[in-house]
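Student: I have a protein model open and would like to go through it piece by piece. Can we start with how the helices touch?

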Amino acid sequence: GASTSQEMAGRVGKYNAMEVNDQVFEELVLVGGQAQEVQTVWKLYLSSAESREAAGEAIYAALFDASPSIQSLFKTPRAVMAMRFMNGLSQIIGSPDDPQGMK
């Protein structure tokens, strides 16, 4: 059926769910209700945190702590970097209908 075709589309070609392609950086086009779903989940995440700053800190901590080998490369205070992550993610998630802008 249609869902099987969609599942297969996620597994073949230049982009698939099995590996990361780091050779290109093209526009991300969200189809169907994907954009709304991403925004809904983001709002839910933000509402679950004490504050926007706490949400940013949680994301940054997860990324930072998962890669101890690169921690020495970050000289900017953790709180500042956490807010930069939040601002960037908010901008991307806030404009899913603008593939060029998200790029």
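Tutor: In α2, Trp-42, Tyr-45 and Leu-46 meet Ala-55, Ala-58 and Ile-59 in α3. By class, this contact of α2 with α3 has six nonpolar, no polar and no charged residues. Keep in mind that this is a predicted model.

Student: At roughly what angle do α2 and α3 cross?

Tutor: They cross at roughly 105°, and their axes come within 8 Å. Angles of 65 to 115 degrees count as roughly perpendicular, so α2 is roughly perpendicular to α3.

Student: Stepping back, how many helices and strands does the protein have?

Tutor: The protein has five helices and zero strands. Along the sequence the pattern reads α-α-α-α-α.

Student: And what share of the residues is buried?

Tutor: Of the 103 residues in the protein, 17% are buried.

Student: What about contacts between residues 24 or more positions apart?

Tutor: Take the contacts with a separation of 6 or more: residues 24 or more positions apart account for 50% of them.

Student: Back to α2. Which of its residues are buried?

Tutor: Ala-35, Gln-39 and Trp-42 are the buried residues of α2. They cover an arc of only 60° around the axis, so they sit on the same side of α2.

Student: What do those buried residues of α2 pack against?

Tutor: They pack against α3 and α4. Trp-42 is one of the buried residues of α2, and Trp-42 is also among the residues of α2 that meet α3.

Student: Which exposed residues are on the face of α2 turned away from the buried side?

Tutor: That face carries Glu-37, Val-41, Leu-44, Ser-47 and Ser-48.

Student: How far does α2 reach from its first C-alpha to its last?

Tutor: α2 has 15 residues and reaches 21 Å, close to the 21 Å expected at 1.5 Å a residue.

Student: Now α3. What span should it have, and how far apart are its ends?

Tutor: α3 covers residues 52-66, which is 15 residues, so at 1.5 Å a residue it should span 21 Å. Its end C-alpha atoms are 21 Å apart, which agrees.

Student: Which residues are buried in α3?

Tutor: Ala-55, Gly-56, Ile-59, Tyr-60, Ala-61 and Phe-64 are buried there. The buried residues of α3 pack against α2, residues 34-48, and α4, residues 78-94.

Student: How do α3 and α4 pack, in terms of angle and axes?

Tutor: They pack at an angle of about 100°, with their axes 8 Å apart. That makes α3 roughly perpendicular to α4. The residues of this contact divide into twelve nonpolar, three polar and five charged.

Student: Which residues in α3 and α4 meet?

Tutor: In α3 they include Arg-52, Glu-53, Glu-57, Leu-63 and Asp-65, and in α4 they include Arg-78, Met-83, Phe-85, Asn-87 and Ser-90.

Student: Take Glu-57 in α3. How accessible is Glu-57?

Tutor: Glu-57 has a relative accessible area of 30%. Buried means under 20% and exposed over 50%, so Glu-57 is partly exposed.

Student: What is Glu-57 in contact with, leaving aside neighbours within four places in sequence?

Tutor: Glu-57 is in contact with Arg-78 and Ala-82. As for Phe-85, it lies 28 residues from Glu-57 along the chain, and their C-alpha atoms are separated by 8.8 Å.

Student: Which residues are buried in α4?

Tutor: Met-81, Ala-82, Met-86 and Ile-93. Their arc around the axis is only 140°, which puts them on the same side of α4. They pack against α2 and α3.

Student: And what is exposed on the other side of α4?

Tutor: Gln-91 and Gly-94 are exposed there. As for length, α4 has 17 residues and reaches 24 Å from its first C-alpha to its last, close to the 24 Å expected at 1.5 Å a residue.

Student: Last one, Gln-100. Which helix is Gln-100 in?

Tutor: Gln-100 is in α5, residues 99-102. Its relative accessibility is 51%, so Gln-100 counts as exposed.

Student: How far apart are the C-alpha atoms of Gln-100 and Glu-26?

Tutor: They are separated by 8.7 Å, and the two residues are 74 residues apart along the chain.

Terms used: Residues are numbered from 1 along each chain as its sequence is written. This is a predicted model: local features need pLDDT of at least 70, side-chain atom pairs count only at pLDDT 80 or more; totals for chains, interfaces and linings use all residues. Side-chain values use heavy atoms; hydrogens and water are left out. Helices (H or I, at least four residues) and strands (E, at least two) are DSSP runs, numbered from the N terminus. The expected span of a helix is 1.5 Å times one less than its number of residues. Buried means under 20% relative accessible area, exposed over 50%, partly exposed in between (1.4 Å probe, protein chains only). Contact means heavy atoms within 4.5 Å. Axes are lines fitted to C-alpha atoms, for helices over the stretch in contact, and angles run from 0 to 180 degrees between N-to-C directions. Angles under 35 degrees count as roughly parallel, over 145 as roughly antiparallel, 65 to 115 as roughly perpendicular and the rest as oblique. Ala, Val, Leu, Ile, Met, Phe, Trp, Tyr, Cys and Pro count as nonpolar, Asp, Glu, Lys and Arg as charged, and the others, Gly among them, as polar. The arc is that of the directions from the helix axis to the C-beta atoms.
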